[in-house]
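I opened this structure to look up a few things. My notes are below, in the order I made them.

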Amino acid sequence: MHKVLETEAAAPSLTLSGISKSFPGVKALDNIALELYPGQVTALIGENGAGKSTLVKIMTGIYQPDGGAITLNGQDITLPTAHAALGLGITAIHQETVLFDELSVAENIFLGHAPRTRFGMIDWRKLRAEAKDILASMGAPIDPNARLKDLSIANKHLVAVARALSIEAQIVIMDEPTAALSHKEIEELFVLIDLLKQDGKAILFISHKFDEIFRVADRYAVFRDGEMVGAGLMKDTEQSQLVRMMVGRSVERAFPKLDVTPGDVVLDVNNLSHPTEFEDISFSLREGEILGFYGLVGAGRTEVMQTLFGITKPSGGSVRLDGKPALAKNPAKAIESGIVYVPEERGRQGAITGLPIFQNISLPSLKKTSKSGFLRLAEEFALARKYSERLDLRASSLSQEVGTLSGGNQQKVVIGKWLATAPRVIILDEPTKGIDIGSKAAVHEFISELAADGLAIIMVSSELPEIMGMSDNVIVMREGRIAGRFAREHLDAETLVRTAAGIEGDPA
Amino acid sequence: MSAVSHSPRNIPDRLESPFKSALKSWEMLLIIVAIAIFVANSFASPYFLNPWSLSDATFNFTEKAIIALAMAMVIISGEIDLSVASIIALASTAMGFALQFGVDTPTLVAIGLLVGVACGAFNGMLVSGLGLPSIVVTIGTMSLFRGIAYIVLGDQAFRGYPSDFAFFGQGYVWWVISFELVLFLALAVVFYIILHRTSFGRSVFAIGNNPVAAQFSGIRVRRIKFILFILTGLMSGVAAVLLTSRLGSTRPSIAFAWELEVVTMVVLGGVSILGGAGSIFGVVIAAFIMGLVTFGLGLLNVPGIVMSIFIGLMLISVIGLPVVIRRVRARMAA
Amino acid sequence: MKALLKHRELILVAAIAVLIGLISLRFPAFIAPRNMVRVFDDTSILAILALGQMLVILTRCIDLSMAANLALCGMVMAMLNAAFPGIPMPLLLAVGISLGAGLGAINGLLVWKLDIPSIVVTLGTMTIFRGSIFLLSSGQWVNAHQMSDAFKALPRAVMLGLPVSSWIAIAVIGLFVLLMSRTPLGRSFYAVGVNPTASVYTGIDVGRTRFFAFTIAGAVAGLAGYLWVARYAVAYVDIAGGFELQIIAACVIGGISIAGGIGTVGGAVLGALFLGVVNNALPVINVSPFAQMAISGAVIVIAVIFNARNERKKGRIILKKAEKAEVAP
């Protein structure tokens, strides 16, 4: 069927019109119209909470829209279940691992539409052979019999793409597919996207990264607060215009870094090593300094930081805080000594979403807010009030559950809870990951203020602009080792990327 | 997302007063149910309102309810202990065994409590020390503990507890107020304070909601879980003393299948079986409700096993009804 | 990991073999074919129940009501047989299995439609089923003399050297192998357990899959109800009391992860056989039958510790040299 469509490229494969969706108290989508064309990539752009994921869930049959129409190749369709969406050839490749770790690669590709024998049984031989063919056609060096959990994240994405090919999808939705990939892996993914395009598939590409969008997309659609505020051809637009549509105002992407003269050395790390994760990590950190840790995902930065925080045990090396040994045995001891770690995974490691804001903020400081083990609510509210004001938190009350806040505000609570322990050193792991541009700026401003107040800060980030805009010094890690150190005045994007990726040669 | 977003200077502590939110709570509903059952019972049987029969009624549930107090905390922390009834059996057997050597009452009580603590520590070690799933671990220790009691006793029984030992399960503190009831209410107050008024209790809620984030917040997750299992063991030991004293004998089948009634009591009391939410007050009312239902049906000569149908139905409907009501409401709103 | 799981089943086979070997060193009669057949036949009920429970555990649920379901179905079949001895056996069996499936479906519906955690649902239905037996039978027993000969004889009839109840177990095992490896439904039990979220996106309805797991477990319990009542020639309220834990124990010993998604038909059957051998060996080696409970308890605890060692997740390997060291051995 899509062979015919290829010849008339002007007709969209999938058309959404007038799509609305409300949840109690929130209008998630309001009268959305979107067209996806065969053989083209449409980028879906919007801040967190703009309604992108709701739309994806409607397109894949998980949610039902309150109103509106969906047509596929000119015919009206409904998507009452995820199964129905798959049956019509609509598939999604997700930011989180949406595959099955314990099952084989071949089964992951064919789960739900496995080839059958005459008796309706799964035909494993045919299934494995077809899986092998598809992987080979993609040039993916993956054993179809391997367990998915033994694969790298990049290879898992390849399996997801293979799955999309196997169900002969017409519509492929890619929801932040590059979030956990290295540069090289992203390039390989783009080659695959080209493959899907040549195959006549209509692709919806969701990403926060503008360089990727400009690299891969043919069209764009911008969402803001559940409405579509603009759509068109990529070649007719530019980045600043898209950003303006996204936030409804033009944003200056300047970083509010204040000039601080670093004081005395606070933290001194020497030859810190771990059997499998990192080795020979040495650095020192001064009062008022922001030390950036840059590297590819999986370079071992988080592992080093969690060791400083007492979660992982090192095999050797020393950590000194104000000259005294400070290698923590557990997070409780680390917090006590004045080293805190704001984790990367907000939902899993940072926020306790079922508890109210004030209890989240006071949790690491319970020793201080309570008296001989007994809670003092007034102290807890006072502490929570202080830090929610400092962080410009938006909430209806301090007793509101954290799970009901937006991502940006949750991140403020998470930073606030560790800051409330009045630490000497604060380690921020990807502090602005997955939050909207407005909250991002607020967090950056706040980090600057903290440094100006004399706090020693380590900032782990994979975002180059953030690292370059915020850090006094930058350490680049690669494969568990320190690959380079740069002072602020010598920061250069290309050098950082080359060092992180291990590309030899003169950057000039 | 909240409909109202305040600017930072005036975020209130709460939107409604604690009193007002208490009125809308699960506990309020339980109190109404309890009153309704009380009234129904007093109409159904003329013997019900007699102080002595009411006092008798409390013996039906105080021992289970004492364990339920500790079980509530274990379940709120995201774990479960199914071995509590078997701990009673083992602790009671140990007391009966010691009795053969003619020990006095204080020693008997100490042995009962110690065995409870030891069993709890064993569970705690396996769950928090080795990080094993508590539901399977305690299914195993449930067989193990009671199995040891069977090895010691076979089809025999220990009898002949000293007369002053009878006080714990049969004695009255004042008029119709039994020692068991007083002990239960005192322990309920202690557990209320531990769970709702101390940083230990707050940590329990945090762990139940998100154990990883709790650990990152500096909470000693393993240590707290270990303590919770010891606490449950200790309360099972207390229940063993009371029950052995009340029955005056020990058989290995003592307190058989009590774990299910204890868990039912806790869940009925509004504690989330998934962890992270619940209150001691709710569990206490749930204990009274279960006691009243059992006693009321008993007055009507309904056999015990049929009562268990009521308990089972109550458990499912109490969890299921709110879901149904929410669905119906949502449909009507749409 | 797959190799390790197979490896694990091998370990169980070896453990069972060693156990039998040790016992027969002292008591050669134990290993006699006739006794082995008896041990297998003795385990057949536990084995088919463990298979039903396996489905439920794979989907991250648990069914505590299986033994009560068994008892209720057994009682209904026994009473029907006593009242209407003329009902042909196939029809009676069909009634029992459908009743079991229906009771299992109630569990499944409550878990699926009302989102109640399975442990709460089955804790409740367990007491309700037991209570219902009492209501049905008014607490009376159905004794051997009330049952028809056909009813009692079927499981014990010997075909090709094995009792029919063993053949039934073998047939059920065969059906489960087919179900788990060859049908989309069987694969979806794994999918739901491994990753419920991903299952939804794959077009698998998590609740519906769980519903089927509970229904099949119920059907299996219904079948076991007949085997139990006919074998012991008696039905009363408390038959198979506490057996739900033995069933879970068999699964745990067989390496079925309580966290869902991991487990095989072979594992469940071997787990049941292991318990069966232990239980049958006790009287032979002159250990009091009262020790049986403690031993199964200890075995469960050891099995859980063992499972956890196998399932433990490895940390990330980042250093190049560590990666090489990992590959080398």
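**Ground rules.** I am reading a predicted model, where local features need pLDDT of at least 70, side-chain atom pairs count only at pLDDT 80 or more, and totals for chains, interfaces and linings use all residues. Residues are numbered from 1 along each chain as its sequence is written, chains are lettered from A and ligands numbered from 1 in the order in which they are written, and side-chain values use heavy atoms, with hydrogens and water left out.

**Chains A and B.** I looked up who takes part in the contact (heavy atoms within 4.5 Å). Chain A brings 47 residues and chain B brings 33 residues. Next I checked the buried area, which is the accessible area (1.4 Å probe) that two parts lose on being put together, summed over both. Chains A and B bury about 3300 Å², with 57% of it on carbon and sulfur atoms. Leu375(A), Glu389(A) and Ser396(A) supply 16% of the area that chain A buries against chain B, more than any other three residues.

I counted salt bridges (a side-chain nitrogen of Lys or Arg within 4 Å of a carboxyl oxygen of Asp or Glu). There are two between chain A and chain B. Glu380(A) forms a salt bridge with Arg202(B), and their closest N and O atoms are 2.6 Å apart.

**Helix α3 of chain B.** Helices here are DSSP runs (H or I, at least four residues), numbered from the N terminus. This helix spans residues 51-59, and its buried residues are Ser53(B), Ser55(B), Ala57(B), Thr58(B) and Phe59(B). Buried means under 20% relative accessible area (1.4 Å probe, protein chains only). Asn50(B) caps the N-terminal end of α3(B), with a side-chain oxygen 2.6 Å from the backbone nitrogen of Trp52(B).

I then picked out Ser53(B). Why does Ser53(B) count as buried? Because its relative accessible area is 13%. Leaving aside neighbours within four places in sequence, Ser53(B) is in contact with Tyr47(B), Phe48(B) and Phe295(B).

**Cysteines.** How many disulfides does the structure hold over all chains? I found zero, a disulfide being a pair of cysteine sulfur atoms within 2.5 Å. Cys251(C) is in no disulfide, and the nearest cysteine sulfur, that of Cys61(C), is 13 Å away. Cys251(C) counts as buried, at 0% relative accessibility. I also looked at Cys119(B), which is buried with a relative accessible area of 4%.

Key. Buried means under 20% relative accessible area, exposed over 50%, partly exposed in between (1.4 Å probe, protein chains only). Helices (H or I, at least four residues) and strands (E, at least two) are DSSP runs, numbered from the N terminus. A polar contact is a pair of N or O atoms within 3.5 Å; within protein, one must be able to donate a hydrogen and the other to accept it, and residues adjacent in sequence count only if both atoms are side-chain atoms.
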